Amino acid sequence: MEKIFTRTPTLTSSETHFCPGCTHGIAHRILAEAIDELGIADRTIGIPGVGCCVFLYYYIAIDTLEAPHGRAPACATGMKRAQPDKIIFNYQGDGDMAAIGTSEIIHAANRGENITVIFINNSVYGMTGGQMAPTTLLGQQTTTSPYGRNFQTEGYPIKMAEMLATLEGVAYSARVSLHKPKNVMQAKKAIIKAFEMQINQMGFSMVEILSTCNTNWRVSPIEALDVIENEMIPYFPLGVFKERTGKDFL
Amino acid sequence: MTEKKLTKGNIALAEGAIQAGCRFYFGYPITPQNDIPEYLAKNLPRVGGTFIPAESEIASINMVLGVGASGERAMTSSSGPGISLMQEGLSYMAGSEIPGLVVNIMRCGPGLGGISPTQGDYTQAVHGGGHGDYRNIVLAPASVQEMFDLTIRGFELADKYRMVSVILADAMVGQFQEPCRLTPDHPVTMPEKPWALKGRAGRKPQLLKSLYLGPGEQEAHNQDLQKKYREVERNEIMCEESLLNDADLMIVAFGTPSRIAKTAIRMAREKGMKVGLLRPITLYPFPSQQLHEHSERIRKILVVEMNTGQMLYDVKISAHKDADISFYGRPGGGVPFPNEVLDEIVKAMEK
Ligand SMILES: Cc1ncc(C[n+]2csc(CCOP(=O)(O)OP(=O)(O)O)c2C)c(N)n1
Ligand code: SF4
Ligand SMILES: [Mg+2]
């Protein structure tokens, strides 16, 4: 019988620690596939943030640096400046990037650091038990917004992909989702595009991925996919917000 | 040749970094150390180096972490408030065993404090600062020449032990000018760093991390770190022992107060009082054994610091149990005059 699908070599065979149904695992797979399709695994160094993604090194067989919570863009800056020929990426959650690490991400992007950031927006702090994050939707109940997020007291969900797209240093900023096979394929294309930006020295590239946290959302894995479609996407629209075409540095 | 040039402390330090092969500087402005980044912004590009005016000290230390993980030499410099912001990064670097150099040209605190010279950050630098059971190598220059030499030494020690080296200097040492030899007194070398992250080509994937969650793993990791720290304590202590052979009183002081103490000691000796000086150059590892041995004979000790008694604790636990320890300190930017120290010498001798 012909084998039509196999695990991409850079994805390890380790069983993941993710909750069943969590799309962090899908994000890891398409990231590893993107790395293999581009043939860059030998020269790629990953920097996961602190969150459910922290064990990235068990699942993707490349060199990996553990960064302090939110600081991965600064660590990546140092690493890329020291090794400009390497492909450096961050993999950050929304607590990591859109809360504690906003300063580092904005300035790395604004400097046009030639790095790639995979940003997992699951609208909560997953690892610590589902507390409210800056990305939490209005009305969404979490352990620290038990009455639902209220814009009058907690403000509005932050739109990182749109915000970063306003910065001149950014070469590529897109938002994708993992709730349907078609979207998963588009997400992988976006990751490849982001890496190509780095390979071509175009500047900072970022892919925001809408991802599930069914455990903390307290829904089934399948219901969680509907939450993305019906609740997240209406507020966090999918699309490419910036795509540099030439080396049009201002 | 050993030609000397009139040089400011901070500049000697910055030039020392370049001569040590450091090609990466990241920092955020703060007085009284701005001449370090300004010098490096100008001179690093000339040797193919990288200077980034970072958005914060948090970013600076994490950029140092990123370069250190790549196996290259990197540094940052700051003062009080900025060093406080770096403590998380320092703890991660210790946990992941990533080398780097951090310069603290101390300003007085707490809070925004003031910009005059002080030694108020001894405890933060030597006994902690960040979370967890870890150590940084701490070097305390007392002259412009030492600003140059100890910076080079700091990079070498950091790489040798995969630790962070801290240059802990007061604003006086940073700002005054002295003749200085601006070439290393030995060939600067960099060890092989097979642990560095350079991509997996030709080998298995590697990892630098401080997270150990398995049963007993974190404890074992801590024990390994402690083993390394004991080795540092055995091998790397540096101190100056001056006029101690016949002394009845030993002053213990580092940085600027050690210079003031030397003047006071000269004045005391002119009056017939036999006083000597023990000057720790490495604050961690602290010269405990040297201090203990001297205190077996010299029972009177006077600790002089520009703070309210921080190194004093290390002196107390190092000295002979019968030692008679006095303290004179001026916090908050106060710099002791030699005659003040002389008065304290007299008091301690008469006790
Ligand atoms: C300075 C600091 N504060 C708090 C924490 C605790 N912490 C660990 S993970 C995390 C939240 C992670 O959430 P997110 O980045 O959204 O990732 P997710 O788990 O949702 O993928 C927090 C707050 C920490 N490690 N460091
Ligand atoms: S806590 Fe949420 S984000 Fe983390 S693994 Fe479980 S489902 Fe995924
Ligand atoms: Mg999250």
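## A helix across a sheet

Helix α12 (residues 311–318) of chain B lies across β11, β12, β14 (300–305) and β15 of chain B, and runs at about 160° to β14(B). Helices (H or I, at least four residues) and strands (E, at least two) are DSSP runs numbered from the N terminus. Contact means heavy atoms within 4.5 Å. Axes are lines fitted to C-alpha atoms, for helices over the stretch in contact, and angles run from 0 to 180 degrees between N-to-C directions.

This is a predicted model, in which local features need pLDDT of at least 70 and side-chain atom pairs count only at pLDDT 80 or more, while totals for chains, interfaces and linings use all residues. Residues are numbered from 1 along each chain as its sequence is written, chains are lettered from A and ligands numbered from 1 in the order in which they are written, and side-chain values use heavy atoms, with hydrogens and water left out.

## The sheet in chain B

The open sheet has five strands in the order β10-β12-β11-β14-β15 (chain B), with mixed pairing. Its edge strands, each pairing on one side only, are β10 (239–242) and β15 (324–329) of chain B. From one strand to the next, the twist averages 20°. Two strands pair if DSSP finds at least two bridges between them.

Strands β11 (residues 249–252) and β12 (residues 275–280) of chain B run parallel and are joined by four bridges. B:Leu249 has B:Val275 in β12(B) as its bridge partner.

## The site of ligand 1

Ligand 1 is surrounded by 17 residues, and the closest are A:His24, A:Asp94, A:Gly95, A:Asp96 and A:Gly126; a residue counts if one of its heavy atoms lies within 4 Å. The site is shared between chains, because residues from chains A and B surround ligand 1. Helix α4(A) gives the most to this shell, with four residues. The shell divides into six nonpolar, eight polar and three charged residues.

Oxygen atoms of ligand 1 lie 2.9 Å from a polar side-chain atom of A:His24, 2.9 Å from a polar backbone atom of A:Cys52 and 2.9 Å from a backbone N or O atom of A:Met127. Taken alone, ligand 1 exposes 600 Å², of which the protein buries 76% (Shrake-Rupley method, 1.4 Å probe).

## The site of ligand 2

Residues around ligand 2 include A:Phe18, A:Cys19, A:His24, A:Cys52 and A:Gly126. Helix α9 (residues 214–217) of chain A supplies the largest share of this shell, three residues. By class, the shell around ligand 2 has five nonpolar, six polar and no charged residues.

Note on methods. Polar contact = N/O pair within 3.5 Å; in protein donor to acceptor, adjacent residues only side chain to side chain. Nonpolar A, V, L, I, M, F, W, Y, C, P; charged D, E, K, R; others polar.
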